[in-house]
Amino acid sequence: MRMFFMSYARIPVPRHLDASQDPNRLVLQFFDELCGKVARQARVAREVAGFVERPGMPGEESIKALFESQVFVPLYSKRYFSSPRCGREWTVATHTVAQGSRPSIVPVLWTPYSLTSTPKRVVEHYPEAPEGIAEAAENYASMGLHQLLDLAELPDPENEHAAAQVAQVTDWLAKRIVDQAATVPRQSRTSFGRGRATAPTTLAGLDDAFADPPFASRLHITVLAPTEDQLPVGRDNTRYGSRVGGWRPYGQAVGPLVEQMEALAHNLGFEATVLPFHKHQAELRSTEIPTAPWILVVDPWALEDPRIASQAREFDRARRPWTAVLSTLAGDDLQTMEQSDRLRGLLLTHFPRFHSEGRAGDQEAVRGLAGADVFVRWFGELAEATWMRYLRYIHSQFPRNGADARDVRESGANLPQRPGVGRGNGAPSDGRLVEGRP
């Protein structure tokens with residue numbers, strides 16, 4: 001049993017980065033400070049005070065802690081409300097045993113987030129302004145805790161002032177958690193809706209509380225994966241189905257990857273369409289405005305099929321700005337791990353341009369993603385980045401095609417309306433997403 005569970009949107013970490021470069025470092029640093037203060041105020045051991053999921057931690061341990069914690073501490077940010085996993089954690093936190101009771105939630109403003117942009121189910125839980133710490137409260141409300149922590153680490157005399165404000169806000173949050181925990185019965189959420197008698201061991205299948213975007217922009221997805229009757233000789237069939245939509249590279253507990261991508265795209269404000277490669281093939285060769293950005297998702301085992309291999313090479317040769325590639329290399333699939341060097345070689349052979357060009361995230365995603373969480377994070381990153389490149393591309397076509405803004409809307413992009421993209425939202429004015437932004 002833990003007093004609080006910290007929920008945050010994990011940022012994918014490229015393999016070449018060490019712990020000091022981990023973009024989630026400030027989250028873990030903040031958790032350690034908060035956990036220590038909660039433990040001291042409540043006079044309990046640190047291991048009882050709080051829980052946060054750390055890299056490499058078994059998913060079952062995290063889910064168990066979520067169901068057994070007394071207080072839920074979400075770190076609000078644009079990324080947080082775009083994460084299906086965070087939305088499902090919120091669903092767990094708001095389903096309590098006692099009917100009609102108010103969930104114990106102490107939200108943290110990690111990065112500034114408009115109340116009007118907050119999902120409907122979250123509005124009544126917007127972060128409160130700390131009391132009795134006027135200047136610290138004002139800076140916390142305007143900058144968010146992430147920026148205050150950033151300032152506290154700068155090699156400048158000002159960092160001491162920022163560090164003091166972080167300490168004040170953290171003290172206030174710790175007191176809020178301890179006070180909230182005192183009102184919650186020390187028992188797990190053993191009754192969990194939909195007729196369940198016990199807490200599930202996976203979040204897959206739970207409702208995503210944030211899946212209510214105001215509109216949808218189109219996103220095309222193509223999956224290059226074999227069905228169970230198209231597998232290479234010797235390949236185990238337990239992660240495949242009779243159709244491509246049944247492909248489960250990360251195992252039965254996670255479920256079909258297509259369903260995961262559709263849910264995440266919906267959260268990000270996209271209407272995802274999963275279609276065969278040939279349905280979009282003409283757009284690779286055409287100079288006409290494409291109908292939507294396109295993400296290609298590849299099972300490296302599929303590249304042993306000559307037809308699929310040919311499609312992959314064509315996609316790479318075209319290397320259009322509105323396209324991206326993600327591939328899977330599941331770390332819990334023994335057969336895949338035994339053949340990992342050969343499978344990575346196939347990916348490099350068939351996608352040499354995606355391996356060597358563009359942002360580090362694009363290159364990382366095509367080399368093979370080991371886990372479902374990592375895949376979901378990079379899918380969100382590349383969906384947004386690809387949409388921005390698509391936007392720049394179709395605008396570059398205006399003079400040549402005589403198009404104007406009215407033509408763009410007919411292409412399905414909903415360009416003028418899309419929120420949360422541009423200055424102050426993790427993307428500079430040229431549309432490139434910044435690595436490591438929360």
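A nonpolar core is taken here as a set of buried Ala, Val, Leu, Ile, Met, Phe, Trp, Tyr and Cys residues joined through side-chain atoms within 4.5 Å, where buried means under 20% relative accessible area, exposed over 50% and partly exposed in between, for a 1.4 Å probe and protein chains only. The model is predicted, so that local features need pLDDT of at least 70 and side-chain atom pairs count only at pLDDT 80 or more, whereas totals for chains, interfaces and linings use all residues. Residues are numbered from 1 along each chain as its sequence is written, and side-chain values use heavy atoms, with hydrogens and water left out.

The largest nonpolar core holds 60 residues, of which Phe 4, Met 6, Phe 30, Leu 34, Val 38, Trp 90 and Leu 145 touch the most other members. Its largest share, nine residues, is supplied by helix H1 (residues 25-42), helices (H or I, at least four residues) and strands (E, at least two) being DSSP runs numbered from the N terminus. Another core, of 55 residues, lies apart from it and includes Leu 268, Leu 296, Leu 326 and Tyr 390.

Four strands form an open sheet with parallel pairing, in the order E2-E1-E3-E4; two strands are paired if DSSP finds at least two bridges between them. Strands E2 (50-52) and E4 (108-109) stand at the edges with a single partner strand each, so one side of each lacks a neighbour in the sheet. Strand E1 (residues 4-7) pairs with strand E3 (residues 71-76) over four bridges in the parallel sense, and Met 6 stands opposite Val 73 in E3.
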